Amino acid sequence: MKMAKVVCVLYDDPVDGYPSDYARDGLPKLDSYPGGQTLPTPKAIDFEPGVLLGSVSGELGLRPYLESAGHSLVVTSDKDGPDSVFERELGDAEIVISQPFWPAYLTKERIAKANQLKLAITAGIGSDHVDLQAAMDRGITVAEVTYCNSISVSEHVVMMILALVRNYIPSYQWVINGGWNIADCVARSYDVEGMQIGTVGAGRIGSAVLRRLRPFDVTLHYTDRHRLPEAVEKDLGVTFHPDAASMVGICDVVTINAPLHPETENLFDEAMIARMKRGAYLVNTARGKICNRDAVARALESGQLAGYAGDVWFPQPAPKDHPWRSMPHHGMTPHISGSSLSAQARYAAGTREILECWFEGRPIREEYLIVDGGKLAGAGAHSYSAGDATSGSEEAARFKAKA
């Protein structure tokens with residue numbers, strides 16, 4: 001078997017160093033995802049589920065496996081700009097592994113320099129940090145660990161909806177500041193009960209969000225280019241709308257759970273946000289580029305939006321002067337919704353499963369494929385459109401420059 005160079009881009013370790021112990025001992029055991037898809041099935045893993053795998057020192061638990069087979073592994077967090085470790089190591093890499101939370105942007109220009117690149121793996125879900133069109137043109141396989149953190153993200157969505165509507169974050173801050181300012185806390189606090197809530201996208205994440213919201217006694221709506229079966233709509237008690245423009249005007253809360261591709265890029269621009277109810281809430285854990293950065297900030301300033309929350313930005317990491325850091329009434333976090341320790345165990349195992357298939361010449365699971373054989377495939381054919389959504393990613397280097 002030919003030995004391969006694998007370049008893996010992961011986020012930095014905690015500021016106080018890689019953990020020596022953890023808040024909990026182990027993880028609950030899951031046998032399958034909702035709907036029956038099995039969890040990743042590598043032949044073995046070289047890590048303890050529940051440890052920090054997604055940072056540089058965690059290495060996704062891959063080094064023993066790769067080096068025992070004679071492959072080389074380069075792990076770095078330095079990914080942006082022409083002088084980055086990623087850029088330097090890319091030239092002779094056969095495989096690149098990256099997470100959506102700290103994406104190694106594989107632009108057309110970088111793919112052109114990567115003469116040996118054959119496989120790009122997303123340790124997680126969402127492969128828009130790869131120029132999919134360029135990957136198709138070059139015959140590069142793109143794969144991700146479908147479903148590994150879908151439930152993780154859906155839980156985060158529900159948390160953020162409640163945090164915005166109940167005005168949780170400012171109320172918590174009053175406690176931190178030593179206050180007891182009840183009127184300040186409740187002056188922007190409402191009940192979710194009775195609200196109209198809609199999701200843009202009703203795939204694995206969007207459907208899981210709907211299921212988790214239904215017990216709150218809300219009215220549910222969705223739009224998706226693939227309509228749910230009638231029985232599922234009835235089970236969820238959800239109303240279908242043909243597009244986002246026809247749905248958002250009736251919703252008190254809109255949550256975005258769709259992949260980023262040319263058809264969804266900048267979908268929530270000034271005009272779409274203007275269609276929303278005054279004082280609606282917008283939650284985006286999908287991809288930052290689906291929402292227009294400046295339009296969101298202006299809508300919060302004007303009161304057209306009562307709140308915006310999410311954990312996705314563009315580019316990632318976001319520059320220090322990104323307006324979403326300082327706009328009013330926001331609930332932004334770094335991109336963490338799909339990188340809980342629970343999710344990391346699944347996407348690390350799924351990454352190893354993909355690698356085992358690749359090196360052993362076995363087919364990669366159809367549901368893991370995004371691009372294969374020069375075309376969209378598997379989950380990619382269902383969820384994406386051809387094209388590129390990486391333009392502007394060079395702005396991520398500004399975070400590095402000011403760090």
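Me: Why is Pro319 called buried?
Reply: Happy to show you: buried means under 20% relative accessible area, with exposed over 50% and partly exposed in between (1.4 Å probe, protein chains only). Pro319 has a relative accessible area of 3%, so Pro319 counts as buried. This is a predicted model, in which local features need pLDDT of at least 70 and side-chain atom pairs count only at pLDDT 80 or more, while totals for chains, interfaces and linings use all residues. Residues are numbered from 1 along each chain as its sequence is written, and side-chain values use heavy atoms, with hydrogens and water left out.

Me: Where is Pro319 found, and which residues is Pro319 in contact with?
Reply: Pro319 is in the loop between β11 and β12 (330-332); strands are DSSP runs (E, at least two residues) and helices likewise (H or I, at least four), numbered from the N terminus. Contact means heavy atoms within 4.5 Å. Setting aside neighbours within four places in sequence, Pro319 touches Arg325, Glu395, Arg398 and Phe399 in this sense. The C-alpha atoms of Pro319 and Ala299 are separated by 21 Å, and these residues are 20 apart along the chain.

Me: What makes strand β11 largely enclosed?
Reply: Six of the six residues of β11 (residues 305-310) are buried, so the rest of the structure largely encloses this strand.

Me: How do you know that β10 and β11 pair, and in which sense?
Reply: Two strands pair if DSSP finds at least two bridges between them. Strand β10 (residues 280-284) and β11 have five bridges and run in the parallel sense. Asn284 stands opposite Gly310 in β11.

Me: Why do β2 and β14 stand at the edges of their sheet?
Reply: The open sheet of seven strands runs in the order β2-β1-β3-β4-β5-β13-β14, with mixed pairing. Each of β2 (72-76) and β14 (375-376) has a single partner strand, so one side of each is left without a neighbour in the sheet. Within that order, β4 (residues 119-122) and β5 (residues 141-144) run parallel and are joined by four bridges. Leu119 has Thr141 in β5 as its bridge partner.

Me: How do you know that the radius of gyration agrees with a compact globule?
Reply: The radius is taken over C-alpha atoms, and the globule rule is 2.2 Å times the number of residues to the power 0.38. For 403 residues a compact globule would have a radius near 22 Å, and the protein chain has 21 Å, which agrees. Buried residues make up 55% of the 403 residues.
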